[in-house]
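Colleague: Please take a close look at one part of this model for me. I would like the meeting of the two chains, and the ligand site with it.

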Amino acid sequence: MKMDEMARMAVDNLRKSRLRTFLTTLGVVIGIGALVSMVSFGTGMQKNVTETFLENDLFTSLQVLPAKADAERIRGQGRMPAGRPLSRPDSIALDAAAVEKIRTMPGVTVAFPEVRFPVKVAIEGREATTNARAMPSVMGGFKPFDKLQAGSFFESDTARSVIISPRLLRNMKFVLIEPDRPRKLTVEDTLKGFRSARPEELIGMPIDIVTSSVDFSQLMRNPVAALSGGSDLPFAERTTRLRIAGVAKQSDGFGQGLFESGVILPMQTAESLPRLGFSSVWDLLSRTGGTESYGTVYVRVKRMEDLAPLKKSLEDMGFGVVSIADQLEDFKKGFLVFDAVLGAVGTIALVVAALGIINTMVMSILERRREIGIMKAVGAGEGDIKGIFFVEAGVIGFAGGVFGLLLGWAVTRVANGIANIYIAREGGAHAELFYISPWLILGALVFSVGVSLAAGLYPAMRAASVNPVEALRHD
Amino acid sequence: MEPILQIRHLQKTYERGREHVRALSGVSFDVAEGEFVSIVGRSGCGKSTLLNIIGGLDVPSSGSVVVRGRNLAAMSRSELAGHRRSTVGMVFQSFNLIPSRTAVENVALPLAFSGVPRKNRPPKAARLLTGMGLKSRLNHVPSEMSGGEAQRVAVARALVNDPVLLLADEPTGNLDSRTAGEILDLLKALNRERGLTVVMVSHDEASARRVSHRLVRLLDGRIQAQVRLRRPA
Ligand SMILES: Nc1ncnc2c1ncn2[C@@H]1O[C@H](COP(=O)(O)OP(=O)(O)O)[C@@H](O)[C@H]1O
Ligand SMILES: [Mg+2]
């Protein structure tokens, strides 16, 4: 008997016992649904991280550190030998001259010292603390600053203006009204002191930057107290009034903590502020040691391919180099484990479904023993009977796969919707947590049909071995 | 002329746990082409076992069954399926129609296994059924038919692949005497008009005598007697 003939008979049989077919298929649907939603969460997370990397040009960025040992310490691998002085005499100073040199190296488009310091900011008396970061105005031409939500990147390194992040605004109790997410303030919000604002309204508004500085001479007299955060340090606070030049884009939840600062200041403007260097203790100490060495220099290259050779030459020069692109590989390994765990949960669901198929089909063979006997009596070969049952399992698997994909999709939509309610409440941008890739669709179908066929193997063999004489005996 | 069916020293032993049940213990007889032979005997004497072995549903423990020169005892399982498909047609006491299928579908079923193109099957089934006076029942399922109608559908199914041998195991056992007579007349007509060889098992010797050329009487798995009633045409 031909394959299409078997398929026709199999579908006929399945149609005749609708309820049973439905319930068996439902088992597979749930199994595949679980698998798809789980795995799509894993791939969704991975996709988000990779996209965040791309969005922030992390594949073309690296950080230069004063010495190799330092880079290793940051990666958490090497250990500083005890008793070794922090400021090694042989270490090359990462000073203004070094930055100048790095700027001329092949592939480099931007290089600037990374300056980060804590500030208090205030707009119309609404205060918040954050990390400020200094950047040259050329960064306005690069992701993610090439597109702002409102306003524009500062034009010069001496501009008296800043770029502010939506997150910081939120901390200052501003609720941004966005075109795609119209949001009204609730009574509760108003009571808490929230105020709604369109991003454009904020452009040009004055913003106060409050910085702290330390009397270094006194610090050196009592360094232990300084490092242990003693309260007797002579901090001096100063307020500088700048203006808001632009509001940054909402970045999705993943970039926020890692790659974003609350407020970005032009390079020269930031240098002129009296402040406490905070990026590392190293920074603090090297400042006092006479030679001005930066803690970190941020470097951006033209193309991804420029990264590796540049890294090599910087390391040859004695600098430490960290590129987050390296860490993406570690991320990916982590995700592989994550996916495997999620996939395993889905697979267990599918194994249960497979047992359901075996159970249903064995039951159905018991019920259809006479019919099998009849088919044998009129000339059906064992291969024919096997084929019919095998195809039945395959059809259940395929239908289960298709509807399971639909179920999985529906589950991810609902879960994503719910998750975004919370994300929005926290002031984050809309995020897609799940990603159902074409490979996942194909894989789920193949897996569903494969597992179902495997489950149908034993029942099909049993059906083929039914003894027709016994099956047809009238009792 | 060579007999269409030659049975020699046929033995069949069933193993029921430790116990051995001898259903057939050395049966030998021939059936000529065009003959109508009835196997009679008490219940449990081995009639069905004999017929199932001839039909290729069961296999002998020893001895030979040669149908048209081919020994069933030497056939593989798939060859036996081929034998059931195209050499013999079987009719049972309990009809054994598939309940969810219509008369036409039931009759067309064997054609699916013998590779007849799908579009040719229902017409062939319908033609056979119409020839048996079932034109008004073509699309009825077995539960909507009388016993006599159902058994005629079963006969049509047995004939659809043009077998050389029709095997009927108590085909009238579930029917009232009038309907039983009609079925016997149908089998007789098939035998006489088409020259179809028929081997029938019957517990009703009187009716069997009316339609058969010969009786083979079994007793405890052996041939007790053979009775020649009339000569085949
Ligand atoms: N599958 C079987 N297992 C064990 N014994 C069987 C089996 N089939 C038939 N028998 C035994 O073989 C003998 C003949 O059975 P059967 O051919 O059905 O008799 P009949 O059809 O003449 O009534 C009986 O004693 C029956 O119990
Ligand atoms: Mg019997």
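Modeller: What follows goes through the interface, then the ligand site.

A caution first: this is a predicted model.

Start with the extent of the interface. On one side, 23 residues of chain A take part, and they are in contact with 22 residues of chain B. Together the two chains bury about 2100 Å² between them. Carbon and sulfur atoms give 55% of that area. On the side of chain A, the residues that lose the most area to chain B are I374(A), V378(A) and V469(A). Together these three account for 25% of what that side buries.

Now the polar part. The rule finds eight residue pairs in polar contact across the interface of chain A and chain B, with both residues at pLDDT 80 or more. Four elements of chain A each give two or more residues to the side that touches chain B. They are α1 (3-16), α15 (369-377), α16 (382-425) and α18 (468-472). By residue class, that side of chain A divides into 10 nonpolar, four polar and nine charged residues.

Next, the charges. Side chains of opposite charge can pair when their charged atoms come close. Across the interface of chain A and chain B, the rule finds four salt bridges. One salt bridge joins the side chains of E5(A) and R121(B), at 2.7 Å from N to O. Over all chains, the structure holds 27 salt bridges. Another of them lies within chain A, between D12(A) and R15(A). Here the closest N and O atoms are 3.7 Å apart. Both residues sit in helix α1 of chain A, three residues apart, or about one turn of the helix.

That leaves the ligand. Ligand 1 is surrounded by residues from chains A and B, so its site is shared between chains. There are 13 surrounding residues, and the closest are R473(A), G44(B), K47(B), S48(B) and T49(B). Take the individual atoms in turn. In the side chain of R473(A), an N or O atom is 3.0 Å from a nitrogen atom of ligand 1. From chain B, R16(B) places a polar side-chain atom 3.2 Å from a nitrogen atom of the ligand. C45(B) uses its backbone: an N or O atom there lies 3.3 Å from an oxygen atom of ligand 1. Taken alone, ligand 1 exposes 560 Å², and the protein buries 75% of that.

Technical notes:
Residues are numbered from 1 along each chain as its sequence is written. Chains are lettered from A and ligands numbered from 1 in the order in which they are written. This is a predicted model: local features need pLDDT of at least 70, side-chain atom pairs count only at pLDDT 80 or more; totals for chains, interfaces and linings use all residues. Side-chain values use heavy atoms; hydrogens and water are left out. Contact means heavy atoms within 4.5 Å. Buried area is the accessible area (1.4 Å probe) that two parts lose on being put together, summed over both. A polar contact is a pair of N or O atoms within 3.5 Å; within protein, one must be able to donate a hydrogen and the other to accept it, and residues adjacent in sequence count only if both atoms are side-chain atoms. Ala, Val, Leu, Ile, Met, Phe, Trp, Tyr, Cys and Pro count as nonpolar, Asp, Glu, Lys and Arg as charged, and the others, Gly among them, as polar. A residue is near a molecule or strand if one of its heavy atoms lies within 4 Å of it. Accessible areas come from the Shrake-Rupley method with a 1.4 Å probe; for residues, only the protein chains shown count as cover.
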